[in-house]
Amino acid sequence: MRTNSRPLSARSSADVRNIGILAHVDAGKTTVTERILFLTGATHKRGEVHDGTTVTDFDTQERDRGITIFAAAVSCAWDGHRINLIDTPGHVDFADEVERSLRVLDGAVAVFDAVAGVEPQSESVWRQADRYDVPRIAFVNKLDRAGADLDTAVASIRERLHTAPLVVQLPIGQEDGFTGVVDLLRMRALVWHTGGESYDVLPIPGALREEALRRRHRLEETVAELHAAAMEEYCTTSALSTPTLTSALRDLTLSGEGLVVLCGSAYRNRGIEPLLEAVVAYLPSPVDVPAVRGTLDGAVQERAADPAAPFAGLAFKVNATATGRLTYLRVYSGTITKGDTVMDAGTGRTERIGRILRVQADRHAELDRATAGDIVAVVGLKTARAGTTLCSPAAPLILEPPAVAASVVSVAVEAHRTVDTGRLSSALTHLVEEDPSLAVRVDRETGQTVLSGMGELHLEVAVEKIRRAHGIKVGVGRPQVSYRETVVRGVSDLVYRHVKQDGGAGQFAHVVIDVERLEEHTFTFTSTVTGGRVPQEYVRAVEAGCRDALAEGPIGGHPVTGLRVTLTDGSTHSKDSSEMAFRTAGRFALRTALQSAVMQLLEPVVELTATVPDEAVGGVLGDLAARRGRVTDSTTRSGTATITATVPLAELFGYASRLRSRTQGRGTFTTRPLGYAAVPTGVATATPAR
């Protein structure tokens with residue numbers, strides 16, 4: 001029988017775990033989530049991805065496509081702890097959903113396929129978690145699959161993620177014969193019954209006893225090397241007690257110096273109970289992580305996870321539903337109750353909390369209050385967006401919002417019927433509110449409405465949502481990638497004078513700038529003006545004007561990146577100079593400089609990983625070469641080849657169908673963004689302007 005050993009009673013923030021499930025697409029994270037919900041009693045039937053019955057993949061598009069598209073929050077209880085869990089997408093096109101989730105999580109479970117090990121998107125989400133210092137444990141899933149091997153998967157974790165795996169379990173049986181695990185901490189065997197409804201705690205099988213002792217000793221050695229207190233005990237006794245080992249594993253998890261690794265088969269319900277125990281034992285509560293930092297009038301302040309402190313929370317997701325607008329909120333400090341007035345720290349506006357909801361994917365339970373450490377949804381906020389800080393009006397604070405990735409693919413969209421044009425505009429506005437990684441603009445030359453996003457699939461999902469949710473028939477143009485322009489050779493001592501006199505107060509601004517190349521695709525602005533020739537407020541205006549000029553480069557009107565602008569000199573007029581005049585001067589000065597500089601067109605490139613049958617390798621390699629791909633790695637295992645290549649994103653439109661035809665439907669591929677690279681001259685001439 002499945003058990004939840006203690007009911008959830010009154011608790012503090014120390015009894016909360018805010019965790020995410022992170023993985024490459026098809027590694028099984030949604031199945032892991034479903035099994036957790038079932039075992040904790042949050043659901044009474046196991047949901048299956050292939051049947052379209054999962055709790056977290058509740059959107060019709062997710063069920064139709066069989067993938068996670070939107071991060072879904074659920075809540076459950078285990079052993080006296082409240083676990084707030086976010087199931088995140090695994091596809092690279094929805095990496096921004098992962099980014100927003102990681103910003104508000106305290107810990108994460110990284111799920112890896114026991115056959116494939118660390119896959120491209122596994123690496124990407126790992127790096128995202130690194131950016132926010134999110135402690136992680138690992139679950140090697142699908143040990144029942146043909147070719148599954150825990151040691152190979154762990155080796156890929158060590159090599160590709162550059163962390164120290166601390167394996168605390170040993171599988172019992174292989175592939176179809178996988179029935180349980182040896183718990184190396186308590187030195188016992190956990191063997192699941194058929195169906196996985198329950199398990200027996202047994203002595204370690206004799207055939208595995210020696211191997212289990214060897215692995216326990218290796219675990220103790222590794223932990224002692226990484227943990228000072230453990231080293232003291234190990235030097236004294238040449239072994240570690242189970243309490244010392246458990247405490248050290250938690251410390252190493254919180255510091256990020258080690259990664260606790262568990263294993264199992266979520267589909268067969270084997271290994272989930274120990275995973276839940278590890279979540280409670282090793283991952284941090286809100287009081288275990290550093291106090292959240294924010295700014296107030298430029299000064300850094302901290303807020304501890306204290307229900308009695310002033311309220312501060314971060315909105316990380318907005319969802320428009322049939323029953324109202326839901327704003328998903330992580331409460332970092334203080335307490336909110338129904339009817340409270342909160343302030344948007346960025347705009348200074350105040351809004352009223354209508355309702356507070358405990359979220360179960362698409363189902364909700366009303367709460368009277370939410371306290372520090374909670375992840376909830378609130379109803380009643382009209383203007384809050386993802387990244388908005390909400391706080392007590394009496395104690396304002398601005399928290400760092402999650403980063404938003406720049407869009408790389410665009411399509412033109414238009415309503416089939418003229419009468420739907422206004423509705424389409426409104427629908428696009430709602431889409432951007434819900435997903436900040438989408439952007440909408442109107443092309444100045446063609447008048448077309450252009451929707452930009454993270455990839456082809458991202459835009460397909462967005463357009464389909466307009467059709468289904470708003471009932472609008474939409475026409476979509478051919479996808480276009482988002483190019484950039486950069487400086488190859490800059491200019492020095494460019495002088496620009498802005499003089500305007502048309503009656504009344506005039507405008508005067510004189511600036512001298514240098515423009516030089518930056519290897520990083522960023523923009524920096526500095527001033528070396530001395531003697532007060534250009535006052536500081538005018539220097540800031542010149543910088544703002546230069547940033548305005550970055551929107552359109554001289555090659556094709558694409559955004560400009562990878563340059564440093566230095567204001568070296570200038571002068572003012574006692575009456576006619578103003579911030580507006582210097583902003584205008586900065587804009588036109590940089591435009592003039594870019595027209596004189598040697599410029600280069602950049603295109604987005606991705607790392608493509610294709611898994612194909614051995615006999616199809618030649619055709620796949622030839623096709624990648626025709627798409628300007630550069631193969632960086634190729635490995636063969638069990639009759640299949642894994643090819644890794646760097647390919648321009650513009651060459652991959654329609655690649656899925658091409659790969660299927662070359663491999664008789666047996667080939668698959670994934671991509672992850674690598675940034676921008678120079679477009680070859682012959683290709684650049686054929687690249688359409690923005």
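Predicted model: local features only at pLDDT ≥ 70, side-chain atom pairs only at ≥ 80, totals over all residues.
The secondary structure of the chain comes to 16 helices and 39 strands. A compact globule with 690 residues would have a radius of gyration near 26 Å, and the chain, at 28 Å, agrees with this expectation. Along its principal axes the C-alpha trace spans about 95 × 65 × 65 Å. Of the 690 residues, 54% are buried, while the chain exposes about 29500 Å², of which carbon and sulfur atoms supply 50%. Among the contacts with a separation of 6 or more, 72% are between residues 24 or more positions apart.

An open sheet of four strands, with mixed pairing, has the order 31-32-35-33. Strand 31 (491-500) and strand 33 (523-527) stand at the edges and have a single partner strand each, so that one side of each is left without a neighbour in the sheet. From one strand to the next, the twist averages 25°. Strand 33 and strand 35 (residues 563-571) run parallel and are joined by five bridges; in strand 35, threonine 566 is the bridge partner of threonine 526. Two helices lie across strands of this sheet. Helix 12 (residues 536-549) lies across strand 32 (507-517), strand 33 and strand 35, and runs at about 155° to strand 33, whereas helix 13 (residues 579-596) lies across strand 31, strand 32 and strand 35, running at about 40° to strand 32.

An antiparallel pairing is found between strand 12 (residues 292-296) and strand 13 (residues 299-303), which are joined by five bridges. Threonine 295 has valine 300, in strand 13, as its bridge partner. The hairpin of strand 12 and strand 13 has two residues between the strands, and in this hairpin aspartate 297 takes a positive phi near 55°.

Helix 14 (residues 617-626) has Val617, Val620, Asp623 and Leu624 as its buried residues. Because these residues cover an arc of only 130° around the axis, they are on the same side of helix 14. An α-helix has 3.6 residues a turn, so residues three or four places apart point the same way. The buried residues of helix 14 pack against strand 36 (598-613), strand 38 (640-648) and helix 15 (655-662), while Gly618, Ala625 and Ala626 are exposed on the other side of the helix.

Most residues other than glycine have a negative phi. Just after helix 14, however, arginine 628 takes a positive phi of about 65°, although arginine 628 is not a glycine. With a relative accessible area of 26%, arginine 628 is partly exposed, since this class lies between the limits of under 20% for buried and over 50% for exposed. Asparagine 269 likewise has a positive phi of about 65° without being a glycine, and its place is in the loop between strand 11 (259-263) and helix 9 (272-282). Asparagine 269 has a relative accessible area of 8% and is therefore buried.

Methods: Residues numbered from 1 in each chain as written. Heavy atoms only, no water. Pairing = 2+ DSSP bridges. Axes fitted to C-alpha atoms, helices over the stretch in contact; angles between N-to-C directions. Contact = heavy atoms within 4.5 Å. Rg over C-alpha atoms; globule rule 2.2 N^0.38 Å. Buried < 20%, exposed > 50% of the residue type's maximum accessible area, 1.4 Å probe, protein only. Areas by Shrake-Rupley, 256 points an atom, 1.4 Å probe, with all protein chains shown as cover. Arc of directions from axis to C-beta.
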